[in-house]
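These are my notebook entries on a structure that I examined on the screen. I record what I looked up, entry by entry.

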Amino acid sequence: MEWNAIRKMVNEYLDQKLAGLLNTFVPRRYLNQQQAVRYTGTSPATLNEWRDHGMKVIIFGEKSRPKYDVKDLDEWMEKHKV
């Protein structure tokens with residue numbers, strides 16, 4: 001089998017797998033701190049500082065840890081661009 005035929009088969013296989021993953025993917029709207037750190041590319045300390053300066057967080061219950069709304073994170077970063 002020649003290289004181009006192998007490459008075509010591999011690409012078709014990967015396209016099918018990717019399409020299957022994307023069909024079932026549901027993005028998270030509310031992130032825990034670790035996820036928010038990855039999303040924003042910052043550190044936990046930075047998120048804590050943002051929260052201290054007015055960024056909104058969500059507490060779902062009395063013993064719940066704060067959650068960060070992706071929309072609020074995007075808005076905060078857009079507002080504080082330099």
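This is a predicted model: local features need pLDDT of at least 70, side-chain atom pairs count only at pLDDT 80 or more; totals for chains, interfaces and linings use all residues.

Entry 1. Lys17 is 13 residues from Tyr30 along the chain, and I noted 27 Å between their C-alpha atoms.

Entry 2. I turned to helix 2 (residues 33-40) and helix 3 (residues 44-52), whose axes come within 9 Å and cross at roughly 95°. I recorded helix 2 as roughly perpendicular to helix 3, because angles of 65 to 115 degrees count as such. From helix 2, Gln33, Ala36, Val37 and Thr40 meet Pro44, Leu47, Asn48 and Trp50 of helix 3. I sorted the residues of this contact into 5 nonpolar, 3 polar and no charged.

Entry 3. Which residues make up the largest nonpolar core? I found 10 residues in all: Leu31, Ala36, Val37, Leu47, Trp50, Met55, Tyr68, Val70, Leu73 and Trp76. Helix 2, helix 3 and helix 4 (70-79) each give two or more residues to this core, and helix 4 gives the most, with 3 residues. In soluble globular proteins, nonpolar side chains tend to be buried together.

Entry 4. Finally, I checked Leu47, a member of that core. Among the residues that Leu47 touches, I noted Ala36, Val37, Met55, Tyr68 and Leu73.

Note on methods. Residues are numbered from 1 along each chain as its sequence is written. Side-chain values use heavy atoms; hydrogens and water are left out. Axes are lines fitted to C-alpha atoms, for helices over the stretch in contact, and angles run from 0 to 180 degrees between N-to-C directions. Helices (H or I, at least four residues) and strands (E, at least two) are DSSP runs, numbered from the N terminus. Angles under 35 degrees count as roughly parallel, over 145 as roughly antiparallel, 65 to 115 as roughly perpendicular and the rest as oblique. Contact means heavy atoms within 4.5 Å. Ala, Val, Leu, Ile, Met, Phe, Trp, Tyr, Cys and Pro count as nonpolar, Asp, Glu, Lys and Arg as charged, and the others, Gly among them, as polar. A nonpolar core is a set of buried Ala, Val, Leu, Ile, Met, Phe, Trp, Tyr and Cys residues joined through side-chain atoms within 4.5 Å. Buried means under 20% relative accessible area, exposed over 50%, partly exposed in between (1.4 Å probe, protein chains only). Lists of a residue's contacts leave out its neighbours within four places in sequence.
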